[in-house]
Amino acid sequence: MKKILLVVSFLVCNLVGFGQTKVLTNKEVDSIFTANIKNKLNIKFPLFRVYEYSDHAGKHFLVLAENGHNENGNPKNDSIQGICLKVDNGQLKTDWTFNDHKLKEGNANSEEMSIWFWTKYVSLSDIDNDGLVDPIVIYGTSGSNGTEDGRIKILTYYKGTKRALRHQNSSLDPERKTQVDSAFYDLPTSIQNHVKALMKKMMDDNNAIFPYDWEAAMKKKDLQFDER
């Protein structure tokens, strides 16, 4: 794993305590993630948000970056990048990372217009009470009809291993479908239920339309389900 040296005094004096999570201010982000550090960590895009949290494994940063531009005065993103970093003896070590981008062609419903992190659904808590934070990161895309025909991806990291749930949104029944990694069903029940609660929240917020009876499908541990 790659390690990047940091100013130890900053880490000791300013990081949150065990079991706490916070969003770093712009000043704190600039102090830690200098141009040199971002280059060494291969952070390609402007930092959108940085979370700081701690658990029995130590201190961590969850870095969310988005590659954005203005299109006729409207902000749009082409690509995103997520990186989880652990503070190890005054150094930053990359625990895991992921990248994604909007689809120009081949999307089930339409060309995608933008992709971004849905931070209102980000979860950084110890859901199963084992002393380790269980990060859940959610992001989505918009098509010609906004999120109505975009994609949604739910990433759950358990002990450093990713489980993904991928969903194609649509107001049209035949075009709505969901895929679940088989390893998702190996997660502790409390974490699975937490993800399902987030899915319900997305539906309540009109950001997602999951297939009818999706809860029954997940109870049966289906890997794919749509409107049948």
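Accessible areas here come from the Shrake-Rupley method with a 1.4 Å probe. On that basis, the surface of this predicted model comes to about 11400 Å² for the protein, and carbon and sulfur atoms account for 46% of that accessible surface. Of the 228 residues, 50% count as buried. The protein has five helices and 12 strands. Among contacts between residues at least 6 apart in sequence, 54% join residues at least 24 apart.

A search of the whole structure finds 10 aromatic pairs. A pair of aromatic rings is described by the distance of the centres and the angle of the planes. One of the pairs is formed by Phe33 and Phe61, whose rings are 5.7 Å apart, centre to centre, with 80° between the planes. This pair is edge-to-face because an angle over 60 degrees falls into that class. Phe33 lies in the loop between α2 (26-32) and α3 (35-40), while Phe61 lies in strand β4 (residues 58-71), so the pair ties together parts that are 28 residues apart in sequence. Both partners are buried: Phe33 has a relative accessibility of 3%, and Phe61 has a relative accessible area of 0%.

A second pair shows another arrangement of rings. Phe98 and Tyr139 are stacked, with 5.9 Å centre to centre and 10° between the planes. Here strand β6 (residues 91-101) supplies Phe98 and strand β8 (residues 136-142) supplies Tyr139, so the pair ties together parts that are 41 residues apart in sequence. Phe98 counts as buried at 4% relative accessibility, and Tyr139 is buried as well, with a relative accessible area of 3%.

Attention now turns to a helix. Met199 is found in helix α4 (residues 189-204). Is this residue, Met199, buried or exposed? With a relative accessibility of 0%, Met199 counts as buried, because the cut-off for that class is under 20%. Which residues does Met199 touch, not counting those up to four places away in sequence? The answer is Ile154, Leu165, Phe210, Trp214 and Met218. Of these, Ile154 is 45 residues from Met199 in sequence, yet the C-alpha atoms of the two residues are 9.0 Å apart in space.

How values were computed
Residues numbered from 1 in each chain as written. Predicted model: local features only at pLDDT ≥ 70, side-chain atom pairs only at ≥ 80, totals over all residues. Heavy atoms only, no water. Phe/Tyr/Trp six-rings, centres within 6.5 Å; stacked < 30°, edge-to-face > 60°. Helix = DSSP H or I, 4+ residues; strand = E, 2+ residues; numbered from the N terminus. Buried < 20%, exposed > 50% of the residue type's maximum accessible area, 1.4 Å probe, protein only. Contact = heavy atoms within 4.5 Å.
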